Amino acid sequence: MFYIRMALTGFWRYRIRTALHLLICILSVMFLGIYAGNVDGTEKQLQNLADTVPVHAAVVNLSGGMESGLFIKESLYDGVMASEHVCEPKFTLELMGVKGKEEFPVLAMTSLKGYETLFQSNEKKCIVTPDFLKDQKLKEGDTLTLNLKYYKLDTETHYSSFILPLEKASYQIAGVEKGENPAVKIMIPMETARDCYRRQEIPFFASSGSFRVKNPLKLNAFKKDMDDAGFLEITPQAQPALEGFALTVKDETFIRAAGSIKESRKVLLAFFPAICAALAGAGLITSYLLSAGRRQEYITRRMLGMPHADCMAVYLTEQGLTELIGGAAGCALTVLAAETNAERSFMCFAVFFLCFFAGTVFTTRIFRKTTLF
């Protein structure tokens, strides 16, 4: 308590110098906080880039010229659906449904807006278009029975397909939706269609597939996942076959934008050692100028019998309290004005206090060299 009482007396006696010291401390912490905020800003930009510049991918044939009407192997389909680096997968399978003498395109899908839960299941339900419901004189809740047919790849040419019977299936009409493809009248869940293939022991294929990369900052991990699943790189010289073996990833814009942000962040971080050195220099100069005017006070206290250690303790307490108060005020102002988070502001305060108080301790050497007579 003695040291604090003496420090408070010093605050009042040297109030103008103390106020100036406080101002320097506040501005130093705010400067460091603004710098840290800029570094954090680049990190946030990088994290938000996935939303502003999404990376989409699509399954294509080996030559890269087709994205639909393909034959995508079950293992490739499963590889995409199981990957933790994939989101919003949209796979389709083209089928044909026969009702009486009429044929209707049937589309199996992994997702349909408004019916997400249904299309992630293997329920024997379907969604139809309003005109189909009207033409067939059906209503929601009715059962629709179809003779399904599937497309089989011509394995001799690899450029064409033919249609074969799959099975007779009944689906409950679970809803009415105006489809994105006007030619498609009936939509069923992909897993429901896959069950048909399995019952008939027919190799399953999807007709198209697209999705979004969940975290484009982990593109390398995503691409490794796709390599492990069995996808190949596009070969423009390849023949335009119907097999969907390759993957096209539209990541050029994201990579350029991410590279620019990373370069900016790298430049900002390169200045950190220089900023710390500047802070240490500012702390040293400030402490030197303040201590230079306190020599006479030191001599007086020593002549009154106060030990050197006590004199230094009073001085360090006074300067340390000033720097603590100034740093804390600067930290609070940084949080309010620069919108820097509290954790980052505390780190700035710690760096500032380390630099400034180190300068204060170093300048106590001035008093050691002061002669009393």
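The model is predicted, so local features need pLDDT of at least 70 and side-chain atom pairs count only at pLDDT 80 or more, while totals for chains, interfaces and linings use all residues. Residues are numbered from 1 along each chain as its sequence is written, and side-chain values use heavy atoms, with hydrogens and water left out.

Let's start at His-85, in the loop between helix H3 (74–82) and strand S3 (86–99). Helices (H or I, at least four residues) and strands (E, at least two) are DSSP runs, numbered from the N terminus. His-85 has 11% relative accessibility and counts as buried; buried means under 20% relative accessible area, exposed over 50%, and partly exposed in between (1.4 Å probe, protein chains only). Beyond its neighbours within four places in sequence, His-85 is in contact with residues including Arg-212, Phe-222 and Asp-225, where contact means heavy atoms within 4.5 Å.

Arg-212 leads us to the salt bridges. Across the whole structure there are 13, each a side-chain nitrogen of Lys or Arg within 4 Å of a carboxyl oxygen of Asp or Glu. One of them joins Glu-88 to Arg-212, with the closest N and O atoms 3.1 Å apart. This pair links distant parts of the chain, as Glu-88 sits in strand S3 and Arg-212 in strand S10 (residues 208–213), 124 residues apart. Arg-212 is buried at 17% relative accessibility, whereas Glu-88 is partly exposed at 46%.

Phe-222, another contact of His-85, takes us to the second largest pocket, whose lining includes Phe-222, Lys-223 and Asp-251. Here a pocket is an open set of points on a 1 Å grid over the protein atoms alone, where a 1.4 Å probe fits, with protein on both sides within 12 Å along at least five of seven lines; lining residues have an atom within 4 Å of a point. Helix H7 (219–229) and strand S11 (246–250) each supply at least two lining residues, and the largest share, four residues, comes from H7.

Two of those lining residues also pair up: Asp-251 and Lys-223 form a salt bridge, their closest N and O atoms 3.0 Å apart. Asp-251 lies in the loop between S11 and helix H8 (252–270) and Lys-223 in helix H7, so the bridge ties together parts that are 28 residues apart in sequence. Asp-251 is buried at 7% relative accessible area, while Lys-223 is partly exposed at 33%.
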